[in-house]
There are 4 protein chains.
Amino acid sequence: MAGSTYGTSFSITTWGESHGPAIGAVIDGCPSGLPLSEEDIQEFLDRRKPGQSKYTTARSESDQAQILSGVFNGQTTGTPISIIIHNQDQRSRDYGKIKDCYRPGHADYTFDAKYGIRDYRGGGRSSGRETIGRVAAGAIASKLLRRLGIKVLAYTKAIGNIIIPEAEYNYGCIYDNPLYMPNNSYAKEAGDYLEDCVKNQDSSGGVIECILEGMPAGIGEPVFHKLDAKLSQALMSIGAVKGVEIGDGFQVSHTKGSENNDSFYMDNGKICKRTNHSGGVLGGLSDGSRIVLRAAIKPTPSISQEQDTVDAYGGETRIAITGRHDPVIVPRAVVVVEAMAAITAVDLLLANMGAKLEYLEKVYNRN
Amino acid sequence: MAGSTYGTSFSITTWGESHGPAIGAVIDGCPSGLPLSEEDIQEFLDRRKPGQSKYTTARSESDQAQILSGVFNGQTTGTPISIIIHNQDQRSRDYGKIKDCYRPGHADYTFDAKYGIRDYRGGGRSSGRETIGRVAAGAIASKLLRRLGIKVLAYTKAIGNIIIPEAEYNYGCIYDNPLYMPNNSYAKEAGDYLEDCVKNQDSSGGVIECILEGMPAGIGEPVFHKLDAKLSQALMSIGAVKGVEIGDGFQVSHTKGSENNDSFYMDNGKICKRTNHSGGVLGGLSDGSRIVLRAAIKPTPSISQEQDTVDAYGGETRIAITGRHDPVIVPRAVVVVEAMAAITAVDLLLANMGAKLEYLEKVYNRN
Amino acid sequence: MAGSTYGTSFSITTWGESHGPAIGAVIDGCPSGLPLSEEDIQEFLDRRKPGQSKYTTARSESDQAQILSGVFNGQTTGTPISIIIHNQDQRSRDYGKIKDCYRPGHADYTFDAKYGIRDYRGGGRSSGRETIGRVAAGAIASKLLRRLGIKVLAYTKAIGNIIIPEAEYNYGCIYDNPLYMPNNSYAKEAGDYLEDCVKNQDSSGGVIECILEGMPAGIGEPVFHKLDAKLSQALMSIGAVKGVEIGDGFQVSHTKGSENNDSFYMDNGKICKRTNHSGGVLGGLSDGSRIVLRAAIKPTPSISQEQDTVDAYGGETRIAITGRHDPVIVPRAVVVVEAMAAITAVDLLLANMGAKLEYLEKVYNRN
Amino acid sequence: MAGSTYGTSFSITTWGESHGPAIGAVIDGCPSGLPLSEEDIQEFLDRRKPGQSKYTTARSESDQAQILSGVFNGQTTGTPISIIIHNQDQRSRDYGKIKDCYRPGHADYTFDAKYGIRDYRGGGRSSGRETIGRVAAGAIASKLLRRLGIKVLAYTKAIGNIIIPEAEYNYGCIYDNPLYMPNNSYAKEAGDYLEDCVKNQDSSGGVIECILEGMPAGIGEPVFHKLDAKLSQALMSIGAVKGVEIGDGFQVSHTKGSENNDSFYMDNGKICKRTNHSGGVLGGLSDGSRIVLRAAIKPTPSISQEQDTVDAYGGETRIAITGRHDPVIVPRAVVVVEAMAAITAVDLLLANMGAKLEYLEKVYNRN
């Protein structure tokens, strides 16, 4: 199976290693007629770029996206959109222990176990830089969704134990703080906590939440390609994610049916729900309410504390990860979560185009 | 996209409605040479069958599996294995309000929104009976895994607030209590809680945990088809699941890197980990440790309390779900989780057969 | 890879062995709202049924199709349509030499080479009976196409050297002769030729032609999933097919550009072509003209003449295929070709629903 | 459906327009441990490069391949191999009539019909330059096949009516003549014929033959992904191909079973066939003999004779294709056919790795 492709109708293939000449993505199946520029993509890439604050690394990554195909006269043509981002930071260097040692919490050992060879420079294929291609594709998916009246928004819900309750959300301030939190005072508190982590040569985990507004009801393919199932694959495929929830998520395990069921009512001829414990998904199909999902992000595994490990030759050793590393992955992963949710939504909106004979008759002008 | 198929190399297609003439699955890509009988499948089906205890419904479902193809002289032949289970309970009846009303917490509304038509009898395609096909396929996958020295085991970790701590697990007693809990006294407590739920015309959620032992390191396909990503899709595709975790799951959001990283050490020439916060997956590939996943199961949406809802004609109404319904989905879903995990593991083990040129040379006897 | 599934949006999975308990197909992705009955399917199955004339075997195959799912109140519901056909001819018998010998021209040896085990009864999975599932799916696809104003028609163009020139086609008489030829006097001549073949314990090949009328322009997915590429896969996947052509086919190898190019002209505001050497496909997309394809069918490999062969134990031997066998596969394969063309057309019409942003805006009522 | 991806286990995605900044391919699923360099790829690209003889255009295409990912220390790593070829010939120019007119025999009209917009510069996505990505991928597939002892070879069998009979093949001289014909005197004759075509502002079709030697028996996936079915899709997906044959191909339509069946015999413990009418494929699986396929190539549609056509505004007009164009596509398509056959063979060899439980036990060291 070719593991680097996601999506059936709207499909994205990413390629590239952290310290290779370039990294990129091919997006196939994007409908023609969507206005698209490199700025649209750059805007998204800039949201995951490091060095934006003291909580993200100051490495010299500029990550300029170039569109190589699939766009003509400012519009998508329906053919594959190839996007390339040249790696800036490719100078030959001493990779020291990373070359032969397996960093705890990283994929060094498992890549070696699978392939018997790995590009150890900067994590190679398992580097967070792989997500650049996803974000580029997500920019296109998001633009398409907006044309259909659908909005995707991701933000940081928690850093360590600093968790913003829903009642204190202020979506308007998400881009006002470097942690992309919907509440500036919680963001301040989280910032203090992260500084402590840095001081202790340690790192923190967190939670990202993502909402989709305006999805028509009925999107998702029953049984194995349910909307929530595909969103789970999409989010869990992001390196640092260890858990995924829809709606009330794990909370449902200790509620009762009478609490968890969302009652329907009519509002101006439209079917609505009084609550949204389901997170906008019933039976794997969107139910017309806001879709709410959450991803648990593990602490950055690269820490400068010395840790026990082994090398590729069967010896035990200790390793301290040098260089500057983010004390938290969360803020840079926010746009990755948003991108994966958008890509999934577009793919399933396209799949749904064949749900009813009526749709075919409409598009092919028969009836 | 055809939503009823899962898996690329080892592929399962389920079909059938709750009250149609039959329900079934086609399993394609099963390697030849695996001994297989209808008893192997029946053993799994019997684990999800209702009426096994007072916490599961006493409907007259016998669910006898018949193998229609793909097995010859007691062995799989490599061709598609078609399994059929005739529905017993098809008599014509009055479906009453279910026909036109949208039951809260069910997929009635969303199926209507998607397709404009639905088989309302017993939930049709969105019924829990759809999972029968998955369980049948899971029986085959499990048998194949055992041949490779890999064991999959699922059990109930929590019912409502009755949560068994890992330290009190006793895997030996899972099949000794009707809730499939690895601790009989917690199971007793959970049983009492469920009786209360029944008395109050209510239902409860819970948590299922699943472990895979013996997976070689390196299984999973990097980037989008990571082992944990596919397991998440697999589990979230089960109707009642609202959250999925790997290893420490949401717990990682408030731990630190120094706590969450698992140190490597050597044990008799084998690379091992001192802890298993990762749940056996690093960078989306198995790391040789026990794989641990959890699924949050929502409370049964069918409750006999009266609830507000709407009908297909835009009217508001109230509905009480009559008939006997399980006060908890969890025990019957245990084997479904186990089945989906096994199917995913086999699919990725097959995909991994092409990871190294060395494997091809071995199979095709070159070098 | 699961080899028994074809199609991405409109997908068909066939299963079953010649002498197993049943044979069938699961069709997933059929749009909801299509009126469908067992009679619709039976009508197609009856066209491939043996014993219709002296050129096809008189075995007692009745092949009654039963719909097990996906249809409710006479309409498709959008969920998988499972169709089963019980095998009549399953009695235990002496399979004699077939059990261990490799019949020339058959797949006995190659199945053994691949799987190490095969159901030798009646050819098992490689039997022509496998096409029953395809024909059932083709009946559904054809009905859907007719709703969109598209018609698929297949017929016998040649039996041995009796080839009907296009100028002598009379589509009206195709069902008037047992060979499905569009000219009764050629059919008579072909019949005489086949009687000679029978007398000489021999068999004949032939050519099937298939046309699609009414396909809108632009159907097919550029590059690898071109309309003609998918039609070629579809036709070549039928056991006895050894060659496939579109339009002028192999003829183009000795024509010139000035002859082969089809000039465009306007007819009542519609773009038309003066000739149709392309067979209705340009650059892999339908060009609005009639789509014309042809498949070369090999002579029935089962002949009663004695032939040299080997057995599974490495011994040389001779075999004469006993029992009644068609002296020609062509007439029974006509409806299989039609079915595969229809399935392919529907799959690509569905894929094309996402070609333009305008289509999405139309279906989702935005703009 | 994303039409620009081919292959399930060994997958290739091509992207790029004729006159965009670059063109390329992403190859995913290549096993690790294969030695690979840019020279390996360049060697294949050079075989399709124009300007090699007077029968191919002298445009300044240099087509230098650069590997951007998936290769480390001279070996494949198992991660996606991204290959880019920068387009040299991108200068802005006057595209004249091509911009709005539909060239006969080209995909201009059908792309406009599908997408409503097209990159008209040099044919955009439907240009023959798209095959560069396929050839690059084919170079990798061929190298992998050679490691397994399998050889793929394509050559020109016919140009117009100059057809080389099999008895006069001399594989040793294929690269000695600019038409890649396995007989220099036929090549000389074909050259004279092509000069006539040029003089008459016309073009010629031809036939390419391709053989695969050394394929183990049993490769191909029964039913829809048969070896011959996938090869047909692969070859027919090449722009100019209008027909595909396996073994005796259309010839079988007028032979008899007694002639067409290949008898088996034993040779030193190995099962062999006395003839090879089947072209190395029985029941869709390789039978251990040489695999033989042929593709019919249409005459270059770009001719300088004036032709009738229409424009995008519904007007009738005439067009003469200016610029230098190959009078025949065949020689440059030879390596494309070889590449597509190699890619297909690798994909199915990988799929076959899961055919038997025995193979899994061998790779995972269980038994």
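These legends accompany several close-up views of a predicted model.

Residues are numbered from 1 along each chain as its sequence is written, with chains lettered from A and ligands numbered from 1 in the order in which they are written. In this predicted model, local features need pLDDT of at least 70 and side-chain atom pairs count only at pLDDT 80 or more, while totals for chains, interfaces and linings use all residues; side-chain values use heavy atoms, with hydrogens and water left out.

**View 1. Chain A as a whole.** Let us start with chain A, which has eight helices and 18 strands. Helices (H or I, at least four residues) and strands (E, at least two) are DSSP runs, numbered from the N terminus. The radius of gyration of chain A is 22 Å, close to the 21 Å from the globule rule for 367 residues, so chain A is as compact as a globular protein of that length. Here the radius is taken over C-alpha atoms, and the rule is 2.2 Å times the number of residues to the power 0.38. The C-alpha trace spans about 70 × 50 × 40 Å along its principal axes. Of the 367 residues in chain A, 69% are buried, where buried means under 20% relative accessible area, exposed over 50% and partly exposed in between (1.4 Å probe, protein chains only). Among contacts in chain A between residues at least 6 apart in sequence, 68% join residues at least 24 apart; a contact means heavy atoms within 4.5 Å.

**View 2. Surface and charge of chain A.** Chain A carries 39 positive and 43 negative side chains, and the centres of the two sets lie 2 Å apart. Lys and Arg count as positive and Asp and Glu as negative, while His and the chain ends are not counted. Each charge is placed at NZ of Lys, CZ of Arg, CG of Asp or CD of Glu.

**View 3. The open sheet of chain D.** In chain D, five antiparallel strands form an open sheet in the order E1-E2-E3-E7-E4. Two strands pair if DSSP finds at least two bridges between them. Strand E1 (5-6) and strand E4 (65-67) of chain D stand at the edges with a single partner strand each, so one side of each has no neighbour in the sheet. E4(D) is joined to strand E7 (residues 81-86) of chain D by three antiparallel bridges, and Gln66(D) stands opposite Ile84(D).

**View 4. Asp28(D) and its surroundings.** Follow strand E3 (residues 22-28) of chain D to find Asp28(D). Asp28(D) is buried, at a relative accessible area of 4%. Ser9(D) is 19 residues away in sequence, yet the two C-alpha atoms are 8.0 Å apart. Beyond neighbours within four places in sequence, the contacts of Asp28(D) reach into chain A, including Ala2(A), Gly3(A), Ser4(A) and Thr5(A). In chain D, they include Phe10(D), Gly78(D) and Pro80(D).

**View 5. Helix H2 of chain B under cover from chain A.** Seven of the eight residues of helix H2 (residues 108-115) of chain B are buried, so H2(B) is largely enclosed by the rest of the structure. Among them are Tyr109(B), Phe111(B) and Tyr115(B). The cover over these buried residues includes strands E12 (264-267), E13 (270-273), E14 (281-282) and E15 (285-286) of chain A. Just after H2(B), Gly116(B) has a positive phi of about 75°.

**View 6. The E12-E13 hairpin of chain A.** Two of those covering strands, E12(A) and E13(A), run antiparallel and are joined by four bridges. Asp267(A) has Lys270(A) in E13(A) as its bridge partner. Two residues lie between the strands of this hairpin, and Asn268(A) takes a positive phi near 55°.

**View 7. Strand E8 of chain B and its partners.** Eight of the nine residues of strand E8 (residues 151-159) of chain B are buried, so E8(B) is largely enclosed by the rest of the structure. E8(B) pairs with strand E10 (residues 206-213) of chain B over eight antiparallel bridges, with Leu153(B) partnered by Ile211(B). Two antiparallel bridges also join E8(B) to strand E9 (residues 162-163) of chain B, where Ala158(B) stands opposite Ile163(B). E8(B) and E9(B) form a hairpin with two residues between them, and Gly160(B) in the turn has a positive phi of about 55°.
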